[in-house]
Amino acid sequence: MKKFYIENLGCSKNQVDAELLIKQLEEDALELTETASEADLILVNTCGFIESAREQSIEAFFTLHEANPDAKIILSGCMAQRYADELREQLPEASAIFGNRDLSAIKDVVRKVFAGDRVVEVPSYPVPEKEVYERNELLSFPGSAYLKISEGCNHWCAYCAIPLIRGNLRSRPKQTILTDARALISRGVKEINLIAQDLASYGTDSPERTSLFMELLADLVALEGDFVVRLLYIHPDAFPSELPAFIKEHKKVLPYFDIPFQHADTAILRSMGRKGDKEQHLAMIDQIREVLPEAVFRSTILLGYPGEDEQSFAEVLDFLKRARLDWVGSFLYSREEGTKAYALRGEKEHAKALKRAQGFQKQLEALQAPITSENLKRFIGKEYDVLIEEPVEGEDLAIGRMYAQAPEVDGLTVVMGRDLKAGEVLRCGIRRVNGLDLEAIPLKGGVSHG
């Protein structure tokens with residue numbers, strides 16, 4: 001039996017694609033291996049969102065190719081989808097270039113590759129009824145999984161290439177989402193992380209053009225089982241006003257809000273194609289906290305966008321000081337051909353602006369780090385459920401996460417105790433803050449969340 005190895009890069013949505021690709025190849029009698037050197041086939045599932053992600057993807061491709069030059073190697077994912085024609089010419093080492101819209105086509109591509117053909121395949125999206133959704137292998141830590149509810153995006157923010165790569169919004173049929181959720185629950189998943197380019201836009205591609213997200217969420221929390229739902233990425237312009245009250249009533253939905261505000265200067269936000277402003281966003285945060293005092297907020301800030309200067313960046317700092325968000329990430333603007341913002345400045349000016357933005361980024365991090373650390377102190381002395389991700393070998397402790405910590409992007413909870421098992425949920429007492437992490441001890445007789 002031939003073996004394959006998959007290197008997944010980029011976001012959680014890409015991870016779900018990788019899990020779907022694994023299922024397809026296993027159905028075609030290939031065996032997954034965790035060691036690239038013993039694989040007959042290597043897949044590099046790339047990210048193509050910004051320039052730095054593409055550079056990382058190409059670096060990973062050549063590292064794996066050099067480690068096992070005899071293996072067939074396929075470049076798949078977002079970068080392959082967007083730049084298939086260029087990669088055909090510039091990457092002759094690739095056995096195949098494969099896009100990310102009809103993942104079931106990977107079977108035919110791999111068969112051709114093993115037959116000696118070089119393949120460049122960028123299939124269109126299939127009709128929803130023929131789209132593949134089943135997964136065997138989950139690439140998350142035990143007990144947690146991502147559940148994608150839609151593909152693509154209709155916001156068309158001026159800086160963003162996602163619609164160019166993933167296309168316009170395509171909401172998954174509700175019944176397939178519920179079937180997927182039931183399958184995850186039945187295999188012991190305790191934390192279902194809902195993902196999309198914008199969760200709240202779910203259903204707005206229907207003839208009615210209205211969001212069906214709250215209806216979907218109600219159906220999800222009505223499912224039987226011991227699980228919680230985490231909401232990842234809700235566009236601030238589409239945020240459902242009824243969501244906080246729903247979460248207060250339905251404890252299966254964690255009071256965790258991932259809202260990418262991206263900036264705080266009104267002129268910058270308008271140029272980006274966003275409708276809100278700093279004061280509206282601050283009011284939204286206050287309203288959520290009024291309903292849910294335990295609410296946790298994560299956001300991202302885009303720095304170096306055309307037109308940003310000291311004054312507009314000062315608006316960002318003022319916003320962060322007043323918002324006191326729990327987690328804030330930042331990234332530098334990437335000049336993406338085909339986006340609306342591409343023509344706003346030339347390459348020479350762009351390079352100069354990025355140097356200034358790197359300085360802004362350091363200021364942002366210096367401001368936010370103590371805010372995050374201070375916010376974490378509110379959990380000390382209280383009890384929370386902690387999902388154990390990974391026992392530390394040779395130590396009486398394990399790494400886990402409580403509701404305030406999303407997978408991969410936030411801090412962690414270090415649980416001090418013996419015989420802790422990955423995938424189990426333990427009621428723990430939070431003892432202290434250690435940097436951006438929490439330290440906890442297991443409690444006996446705790447009440448499970450849900």
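**Close-up 1. A network of salt bridges links Lys278, Glu279, Glu315, Asp318 and Arg322.** A salt bridge here is a side-chain nitrogen of Lys or Arg within 4 Å of a carboxyl oxygen of Asp or Glu. This is a predicted model, in which local features need pLDDT of at least 70 and side-chain atom pairs count only at pLDDT 80 or more, while totals for chains, interfaces and linings use all residues. Residues are numbered from 1 along each chain as its sequence is written, and side-chain values use heavy atoms, with hydrogens and water left out. Helices (H or I, at least four residues) and strands (E, at least two) are DSSP runs, numbered from the N terminus. Arg322 is partly exposed, with a relative accessible area of 43%, and Glu279 is partly exposed with 43% as well. For these labels, buried means under 20% relative accessible area, exposed means over 50%, and partly exposed lies in between (1.4 Å probe, protein chains only). By the salt-bridge rule, the count comes to 36.

**Close-up 2. Lys174 and Glu215 form another salt bridge.** Their side chains meet at 3.1 Å, N to O. Lys174 belongs to helix α7 (residues 174-186) and Glu215 to helix α8 (residues 213-221), so distant parts of the chain, 41 residues apart, are linked by this pair. Lys174 is partly exposed at 23% relative accessible area, and Glu215 is partly exposed at 43%. The general idea is simple: side chains of opposite charge can pair when their charged atoms come close.

**Close-up 3. A salt bridge joins Asp17 to Lys148.** The N to O distance is 2.9 Å. Asp17 lies in helix α1 and Lys148 in strand β7, so the pair ties together parts that are 131 residues apart in sequence. Are these two residues buried or exposed? Both Asp17 and Lys148 are buried.

**Close-up 4. Strands β7, β10 and β11 make an open sheet in the order β7-β10-β11.** The pairing is parallel, and two strands count as paired if DSSP finds at least two bridges between them. The edge strands, each pairing on one side only, are β7 (144-148) and β11 (228-231). From one strand to the next, the twist averages 30°. How many bridges join β7 to β10? Five bridges do, between β7 and strand β10 (residues 191-195). As one landmark, look for Tyr146, which stands opposite Asn193 in β10. Helix α1 (residues 12-27) packs on the sheet and touches β7 and β10, with its direction at about 95° to that of β7. Axes are lines fitted to C-alpha atoms, for helices over the stretch in contact, and angles run from 0 to 180 degrees between N-to-C directions.

**Close-up 5. Ser76 is a buried residue in a strand.** Ser76 is part of strand β4 (residues 72-77), and its relative accessible area is 1%. A polar contact of 3.0 Å joins the side chains of Ser76 and Asn45. A polar contact is a pair of N or O atoms within 3.5 Å; within protein, one must be able to donate a hydrogen and the other to accept it, and residues adjacent in sequence count only if both atoms are side-chain atoms. Leaving aside neighbours within four places in sequence, Ser76 is in contact (heavy atoms within 4.5 Å) with residues including Leu21, Leu43 and Phe98.

**Close-up 6. Asn68 sits in the loop between α2 (51-67) and β4.** Asn68 counts as buried, at 8% relative accessibility. A polar atom of the Asn68 side chain lies 2.9 Å from the backbone oxygen of Ala39. Not counting residues up to four places away in sequence, Asn68 touches Ala36, Ser37, Glu38, Ala39 and Ile42.

**Close-up 7. Helix α13 (residues 347-376) has 30 residues.** From its first C-alpha to its last, α13 reaches 41 Å, close to the 44 Å expected at 1.5 Å a residue; the expected span is 1.5 Å times one less than the number of residues. Among the buried residues of α13 are His350, Leu354, Phe360 and Leu364. The elements covering them include β13 (296-303), α12 (310-323) and β18 (425-434).
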